[in-house]
Amino acid sequence: MLTLFFVSTGAQAQFGKKLLKKGNIDAAKKVTKAATLSDSDMAALSLQSVQWMDENNPIAEVGTSYGDRLAKLVDGLENEDGLQLNFKVYEVVDVNAFATPDGSVRVMAGLMDIMTDAELLSVIGHEIGHVKLGHSKKRYQSAYTISAAKDVAMANTGAGKVLADDQIGGFVENVLNAQFSQSNESASDEYGFKLLVAHGLDYHGMEGAFQKLADLSGDGGKGALTSSHPGSAKRATRAKEWADKEDAKN
Ligand SMILES: [Zn+2]
């Protein structure tokens, strides 16, 4: 899922506040036994996680200004190369977005507030890239591996669920705290850019999106929360090069 676009907005951020419970991480670290998720388990767990997040974050439905803006933006992106996508806005202040292996894309209102439509689309394309390139699955797998009380959770799990209801919050937190590698981020940037081009969308937004993130985090985008990522400023430069190249073709 996410994190590239995570810029902390403080403890009041509803999204962060609900998900960050230190105790869960410590407990999870005690479990070292590896466990492999089957594809169907992965799909079920991904869906279960998204449902949990949807229930624990305020959603800006269609009919609200945020909901309508996102729906308009992603019109035509319902299916990406075989992956069924669904989109929602979380009405929270975080400057963030993420996508999960089941094809759920969630965009935070804080991100929508600072970005233009084209910039937002480039972020969404990037997040879809993480899913399509298998990065998100890997992240779920590692979060599952460290998920505490796994055996207990399995024993108490109802039909169609991989983790018990009271375990899913801790699991989601482990997913959100994991970071993508620099190479994964770069690959997702490229995927996102190509997605925009393929859909005939404005591909000039990626440069601006990264520039804004760089400005927010300072130090060329290498703030504490984005330390595993190539600097945002550097990525803005690269996105501009891609756009220039694409412009030259037309
Ligand atoms: Zn990313």
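I will say "contact", or "touch", when the C-beta atoms of two residues, placed from the backbone, lie within 7 Å. What you see is a predicted model, in which local features need pLDDT of at least 70 and side-chain atom pairs count only at pLDDT 80 or more, while totals for chains, interfaces and linings use all residues. Residues are numbered from 1 along each chain as its sequence is written.

With that, take V89. Leaving out residues up to four places away in sequence, V89 touches I59, A60, Y66, G67, L70, V107, A109 and M112.

Now the overall count. The chain has twelve helices and six strands. Helices (H or I, at least four residues) and strands (E, at least two) are DSSP runs, numbered from the N terminus. Of the contacts with a separation of 6 or more, 72% are between residues 24 or more positions apart.

On to the sheet. Two strands pair if DSSP finds at least two bridges between them. Four strands form an open sheet in the order 1-4-6-5, with mixed pairing. Its edges are strand 1 (59-60) and strand 5 (97-99), each of which pairs on one side only. In general, strands of a sheet pair through backbone hydrogen bonds, either parallel or antiparallel.

Strand 4 (residues 86-90) and strand 6 run parallel and are joined by five bridges. In that pair, F87 stands opposite V105 of strand 6. Strand 5 pairs with strand 6 (residues 104-108) in the antiparallel sense, over three bridges. There, A99 is opposite V105, and F98 is opposite R106. Four residues lie between the strands of this hairpin, and G103 takes a positive phi near 100°.

How many of the residues of strand 6 are buried? Five of its five. A residue is buried if 20 or more other C-beta atoms lie within 10 Å of its own, exposed if 12 or fewer, and partly exposed in between, with C-beta atoms placed from the backbone. Both faces of strand 6 are covered, with S104, R106 and M108 on one side and V105 and V107 on the other. For the whole chain of 250 residues, 45% count as buried.

Next, the cores. A nonpolar core is a set of buried Ala, Val, Leu, Ile, Met, Phe, Trp, Tyr and Cys residues joined through C-beta atoms within 7 Å. The largest one has 37 residues, and those with the most contacts inside it are V89, V107, M108, A109, L111, M112 and I124. Helix 6 (residues 117-132) contributes the most to this core, with six residues. A second, separate core has 14 residues, including M53, Y144, F171 and L176.

Now a helix pair. The axes of helix 3 (residues 39-56) and helix 9 (residues 165-177) come within 10 Å and cross at roughly 100°. Axes here are lines fitted to C-alpha atoms, for helices over the stretch in contact, and angles run from 0 to 180 degrees between N-to-C directions. Helix 3 is therefore roughly perpendicular to helix 9, a label for angles of 65 to 115 degrees. Helix 3 makes the contact with Q48, S49, W52 and M53, and helix 9 with I168, G169, F171, V172 and V175.

Last, S186, which lies in helix 10 (residues 182-198). Is S186 buried or partly exposed? S186 is partly exposed, because 16 other C-beta atoms lie within 10 Å. The C-alpha atoms of S186 and R235 are separated by 8.1 Å, although these residues are 49 residues apart along the chain.

Key
Angles under 35 degrees count as roughly parallel, over 145 as roughly antiparallel, 65 to 115 as roughly perpendicular and the rest as oblique.
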